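The overall counts come later.

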Amino acid sequence: MTRVSIVRLVSACASACAVVVATAAPARAQTPEERVAARAVLTKQGDAAVMVLATMKTHIVVNGREQNRDVPLQSNGLVIDAAGLTVMPLSALEPGDLLTRSLSANAPPGQKIEVSSETTELRVRYSDGTEQASSVVLRDSDLDLVFLKPTEALTAPVVFVDAPSATAQPFDLLVALQRGPERDGWRTYSTFTFVQMAVERPRTFLSVPVSTLVGNGLGAAFFTPAGGFVGLYVRVGGSSSSPTGAIVSADDLREVAKQVK
């Protein structure tokens, strides 16, 4: 494989980890009451949506030929307790395994591709502009979750999701919250979406139209208009080379988070 082709693979790594901004399409016309309720959710929970920043060191090996590159990473996360514990999709922070499977599935026969990644300078950027150095404290590859904790105690309170867990069914209206990247002034994005499909076993996952989200939606937080916390948008599909975006339930997320404590 040529150097140019390897560089393209590195670019694929960057694309997989970057926050991609696109126009979010409305789910349907909402009532004035639903809009008022959604604004209340945005006001109370919007600042819990944060941006995780890091430098991702990628290492790609194609049939023995190596290419290394540092890629800036920006991805959505969500603060879930007063100590600053933050959760985000594991595949967004550490995409090596996913990229290896995805690129290998589309490679010519006999071509071996391996991608590994390591993040440095990991930090969480809050809505007020402050940044907190953080470290990984727990991974759950089955649910595509990774939990980050500040390396030092917070010096000021942070907004975190303290809403009760909530469930949703197909056709239910949801409110999605996401943190925009630097080029959008780090502002909070909010949109209506709806449940397309519900999977209950072996885990609870909810499918929503990706066209209603900003970019690929990874790390977006979902709430009911009444303010209940529904879950976080991750990639599901296990060892598949093309996992699907879906919402992991708030109950499952919080159950895993207990292991941190």
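I started with Trp186, which lies in the loop between E7 and strand E8 (188–194); helices (H or I, at least four residues) and strands (E, at least two) are DSSP runs, numbered from the N terminus. The model is predicted, so local features need pLDDT of at least 70 and side-chain atom pairs count only at pLDDT 80 or more, while totals for chains, interfaces and linings use all residues. Residues are numbered from 1 along each chain as its sequence is written, and side-chain values use heavy atoms, with hydrogens and water left out.

I read the phi of Trp186 as near 60°, a positive value in a residue other than glycine. Trp186 counts as buried at 14% relative accessibility (buried is under 20% relative accessible area, exposed over 50%, partly exposed in between; 1.4 Å probe, protein chains only).

I then looked up Phe171, in the loop between strand E6 (145–150) and strand E7 (173–179). Its phi is near 80°, again positive in a residue other than glycine. Phe171 counts as exposed, at 75% relative accessibility.

Next I checked the peptide bond from Arg201 to Pro202, which is cis, with omega near 0°. Pro202 lies in the loop between strand E9 (197–199) and E10.

I found Ser207 in strand E10 (residues 205–207). Ser207 is buried, with a relative accessible area of 15%. Leaving aside neighbours within four places in sequence, Ser207 is in contact (heavy atoms within 4.5 Å) with Phe194, Val195, Gln196 and Met197.

Buried residues make up 48% of its 261 residues.
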